[in-house]
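Here are my notes on the model you sent over. Have it open while you read, and check the points against the coordinates as you go.

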Amino acid sequence: MVEDVQAPGRELPCVTQLGSDMEDSADLYDVHITNSPPAWEEHQCLEELDNVECLRRKIKFFFMNPCEKYHARGRKPWKLVLQIIKIAVITIQLVSFGLSNQMVVTFKEENLMTFKHLFLKDYVDGGMASYAVYRQEDVYDRIDFILKQYGHLHNITAGNHDYDKDGSVYTPLSLCQEYYRNVSIYPGNDTFEIDAHVQTDCLEIYPMYHLSSGEALPNFELHFRRMLSVKITFVLKAINLQTVRHRELPDCYDFTVIITFNNEAHSGRIKIDLENDVDINECREWKVTGASARSIYLTVLFDCLIIMTCVTSFALCTRSVINGIQLQLEYSSYCNQNLPMSDRLEFVNGWYILIIVSDTLTIIGSILKIEIQTKALTSYDVCSILLGTGTMFVWIGVIRYMGYFRKYNILILTLRAAFPNVIRFICCAGIIYLSYCLCGWIVLGPYHEKFRTLNTVSECLFSLINGDDMFPTFMMMRQKSSLVWIYSRVYLYTFVSLFIYMILSLFITIITDTYDTIKQQQQSGIPTSELQRFLSVCKDLPSSGVFRINKKNDCFFNCCINRCRKHQERLTSEA
């Protein structure tokens with residue numbers, strides 16, 4: 001009985017005293033009678049044993065799943081029900097906002113395509129990478145085309161585009177040229193003289209005048225030998241009306257269109273690019289007829305319901321985390337020694353931490369969504385990131401409840417046990433991966449499209465690890481340099497062989513070894529930690545009824561009943 005209740009690292013003085021008295025009683029029976037422990041000391045010993053058993057049951061109840069807690073104390077699984085409801089409503093919210101955000105993104109992309117066809121002469125879809133001019137006359141012709149199209153925008157556009165206004169005055173189009181201050185270049189003599197300071201000349205053109213380049217640029221000369229770029233910037237406005245069909249108020253958009261003639265290389269090829277910056281604003285005055293605003297208010301009420309649900313879930317999970325920390329401190333004080341970190345982390349439920357983070361993100365995202373619905377804010381991207389991440393964490397949290405089944409629980413235990421080794425392995429493999437990224441960027445970047453930047457290099461190598469896009473990566477290497485071409489073959493073959501045949505195999509081995517270890521532990525049923533050995537002494541089932549009265553005020557009473565029951569069983573066995 002002493003071995004069952006004695007925890008590691010803690011000695012019970014009362015038990016030691018009783019043991020020594022029993023040894024002395026083997027020699028002198030009358031001495032045993034006179035030297036028997038006082039009644040108060042025996043009472044203190046029994047009370048301490050009762051406290052140990054009470055603590056053991058408290059910890060065992062803490063680690064029960066909701067079904068076991070229901071059988072143990074009749075406690076309803078409110079957190080489980082709340083999480084199921086939260087998963088449903090958050091998913092509905094995400095789908096609704098995703099459809100709305102998709103309309104916003106589609107409107108932006110279609111307007112960008114419209115601007116390319118309106119202001120870039122002879123533009124073809126998908127031909128932006130090769131869109132360039134090679135003659136001075138073509139540069140002037142393209143600028144003249146842009147100015148004409150801008151001046152006749154009302155007559156040519158098929159959308160609801162309009163010029164931006166500053167009060168009652170239209171904002172002008174800006175035509176700027178950047179060039180070196182002074183350049184003298186003589187390629188025939190291999191000589192040059194250059195002043196590296198960059199000078200910028202700008203000209204403003206208002207849309208009401210409908211000027212051509214010959215009329216607008218009488219004194220605006222393009223210095224091709226020292227020109228770095230020509231930028232044409234103007235602002236157009238539009239309204240996204242497609243949201244009306246989905247019972248949402250339309251947004252007003254400001255498109256800042258920037259057309260760049262890039263001549264920084266001075267190679268004779270001037271690349272032309274068009275990009276736009278989008279600013280979404282609340283429309284100043286609006287009136288919608290034929291559609292009820294009730295659905296908008298219902299959506300806001302639905303978002304408020306989600307916020308209340310997440311706040312409740314946040315409070316319940318935070319309380320559970322605090323209770324776990326308090327129980328861990330109580331167990332640590334009982335052991336009277338520093339617990340291993342693995343035992344300490346057992347009391348901190350990582351799933352509750354994940355739910356708390358998810359609730360926080362969902363609450364903030366829902367508040368932003370309400371602001372967007374009421375047109376107080378237009379931060380669609382920030383809101384989508386918050387809601388998307390929160391929903392992802394909510395669905396990941398479903399795995400916690402699948403872990404209550406033995407066949408699914410082994411997967412969760414394997415992931416948790418293998419995580420530290422996986423992180424260490426990824427750190428080592430990441431160093432090798434980074435070295436290949438840097439080498440490929442420096443050596444192959446000038447000759448291979450997929451190695452031009454570190455970002456594209458990392459994406460290309462990651463695709464090669466997964467066996468994707470392997471043949472095109474080999475074939476796209478241009479044979480401009482025989483030495484670099486040979487080096488690229490050695491580089492790609494060694495990378496593929498190293499990561500696919502060695503590193504990935506070692507990674508899989510770590511997971512499988514952990515899986516085998518967890519499976520053997522479950523089959524043997526032998527406790528592997530001090531905490532598990534401490535709890536293995538308690539053999540009471542959740543449905544035994546002893547947990548129903550094992551509350552804070554009734555713990556001593558329950559332990560006394562249990563002690564009397566064990567004493568009666570011992571007397572029966574001795575008889």
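**Notes on the predicted model**

1. H266 sits in the loop between β8 (251-262) and β9 (270-281). Its phi is positive, about 50°, although H266 is not a glycine.

2. Some housekeeping. This is a predicted model, where local features need pLDDT of at least 70 and side-chain atom pairs count only at pLDDT 80 or more, while totals for chains, interfaces and linings use all residues. Residues are numbered from 1 along each chain as its sequence is written, and side-chain values use heavy atoms, with hydrogens and water left out.

3. Now the whole chain. The protein chain has 20 helices and 9 strands (DSSP runs numbered from the N terminus: H or I of at least four residues for helices, E of at least two for strands). Of its 575 residues, 37% are buried. The accessible surface comes to about 34200 Å², and carbon and sulfur atoms account for 59% of that (Shrake-Rupley with a 1.4 Å probe; for residues, only the protein chains shown count as cover). Take the contacts between residues at least 6 apart in sequence: 71% of these join residues at least 24 apart (contact means heavy atoms within 4.5 Å).

4. Next, helix packing. Two packed helices are described by the angle between their axes and the distance between the axes. Helix α6 (residues 78-119) and helix α13 (residues 380-396) have axes that come within 10 Å and cross at roughly 150° (axes are lines fitted to C-alpha atoms, for helices over the stretch in contact, and angles run from 0 to 180 degrees between N-to-C directions). That makes α6 roughly antiparallel to α13 (under 35 degrees counts as roughly parallel, over 145 as roughly antiparallel, 65 to 115 as roughly perpendicular and the rest as oblique). The crossing of α6 and α13 is left-handed (the near helix is turned anticlockwise from the far one by less than a right angle; clockwise would be right-handed). On the α6 side the contact includes I87, I90, L94 and F97, and on the α13 side L387, V394 and W395 are among the residues involved. By class, this contact has 10 nonpolar, 7 polar and 1 charged residues (Ala, Val, Leu, Ile, Met, Phe, Trp, Tyr, Cys and Pro count as nonpolar, Asp, Glu, Lys and Arg as charged, and the others, Gly among them, as polar).

5. How do α12 and α13 lie relative to each other, parallel or antiparallel? The axes of helix α12 (residues 350-373) and α13 come within 8 Å and cross at roughly 150°, and α12 and α13 are therefore roughly antiparallel to each other. α12 also passes α13 in a left-handed crossing. Among the contact residues are W351, L354, V357 and L361 of α12, with V382, L386, F393 and I396 among those from α13.

6. The remaining pair is α6 and α12. Their axes come within 12 Å and cross at roughly 40°, which makes α6 oblique to α12. The crossing of α6 and α12 is left-handed. From α6 the contact takes in K79, Q83, K86, I90, Q93 and F97, and α12 brings Y352, I355, D359, T362, S366, K369 and I372. By class, that is 5 nonpolar, 4 polar and 4 charged residues.

7. Another residue to check for backbone geometry is D122, which is not a glycine but has a positive phi near 60°. D122 lies in the loop between α6 and β1 (132-133). With a relative accessible area of 61%, D122 is exposed.

8. Where is I239 found? I239 belongs to strand β7 (residues 227-240) and is partly exposed at 35% relative accessibility. Beyond its neighbours within four places in sequence, I239 is in contact with F107, N160, P250, D251 and C252. I239 and N281 are 42 residues apart along the chain, and their C-alpha atoms are separated by 9.8 Å.

9. Finally, R73 is in helix α5 (residues 66-73). R73 is partly exposed, with a relative accessible area of 23%. R73 and F61 are 12 residues apart in sequence and 9.4 Å apart in space, C-alpha to C-alpha.

Conventions. Buried < 20%, exposed > 50% of the residue type's maximum accessible area, 1.4 Å probe, protein only.
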